[in-house]
Amino acid sequence: MIYILAIFLPPLALLLNGQPLSAVLNLVIIVPCIVFGLIFPVLFCVPSAHAVIAVAMRREDRRQREIVEAIERYGAPPGWHR
């Protein structure tokens, strides 16, 4: 659901995902993309792409942090060698 919001309302999606600085950056990106998007329509996709990538990266960071916490709590999986 957050990805759909990131496509249509990128700054709001970034705020709801806990990334206020990325939301501000996305607002800054939106202004020139709207102005120059009239000449180069592909620029309308840039803020949405930024939001989708930022949300995906944040989700991946959370997943890795959960794995590290599980390894610290329960130890390495059987058969794992350093």
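Which side chains meet in a salt bridge? In this predicted model, where local features need pLDDT of at least 70, side-chain atom pairs count only at pLDDT 80 or more, and totals for chains, interfaces and linings use all residues, the side chains of Arg 63 and Glu 60 form such a contact, at 2.8 Å from N to O. Residues are numbered from 1 along each chain as its sequence is written, and side-chain values use heavy atoms, with hydrogens and water left out.

The structure holds one salt bridge, the term being applied to a side-chain nitrogen of Lys or Arg within 4 Å of a carboxyl oxygen of Asp or Glu. Arg 63 and Glu 60 are three residues apart in helix α4, and are therefore separated by about one helical turn. Relative accessible area is 42% for Arg 63, which is accordingly partly exposed, and 33% for Glu 60, which is likewise partly exposed; the classes are buried (under 20% relative accessible area), exposed (over 50%) and partly exposed (in between), with a 1.4 Å probe and protein chains only.

The chain contains four helices and zero strands, where helices (H or I, at least four residues) and strands (E, at least two) are DSSP runs numbered from the N terminus. The radius of gyration is 18 Å, well over the 12 Å that the globule rule gives for 82 residues, so the chain is more spread out than a compact globule; this radius is taken over C-alpha atoms, and the rule is 2.2 Å times the number of residues to the power 0.38. Along its principal axes, the C-alpha trace spans about 60 × 20 × 20 Å. Among contacts (heavy atoms within 4.5 Å) with a separation of 6 or more, 50% are accounted for by residues 24 or more positions apart.

Ile 2 lies in helix α1, which covers residues 2–8, and counts as buried at 18% relative accessibility. Beyond residues up to four places away in sequence, Ile 2 touches Ala 13, Leu 16, Val 55 and Arg 59.

A nonpolar surface patch of about 960 Å² is made by Val 31, Ile 34, Val 35, Phe 36, Leu 38, Ile 39, Phe 40, Val 42 and Phe 44; patches are made of residues with over 30% relative accessible area and no salt bridge, like charges being joined within 9 Å and nonpolar side chains (Val, Leu, Ile, Met, Phe, Trp, Tyr) within 5 Å. Phe 40 is placed in the loop between α3 (20–37) and α4 (46–74), and Phe 44 is found in the loop between α3 and α4. Phe 44 is partly exposed at 41% relative accessibility and, not counting residues up to four places away in sequence, touches Cys 33, Ile 34, Gly 37 and Leu 38.

Zero disulfides are counted, a disulfide being a pair of cysteine sulfur atoms within 2.5 Å. Cys 33 is in no disulfide, the nearest cysteine sulfur, that of Cys 45, being 9.4 Å away. Cys 33 is buried, with a relative accessible area of 8%, whereas Cys 45 counts as partly exposed at 49%.

Conventions:
Areas by Shrake-Rupley, 256 points an atom, 1.4 Å probe, with all protein chains shown as cover.
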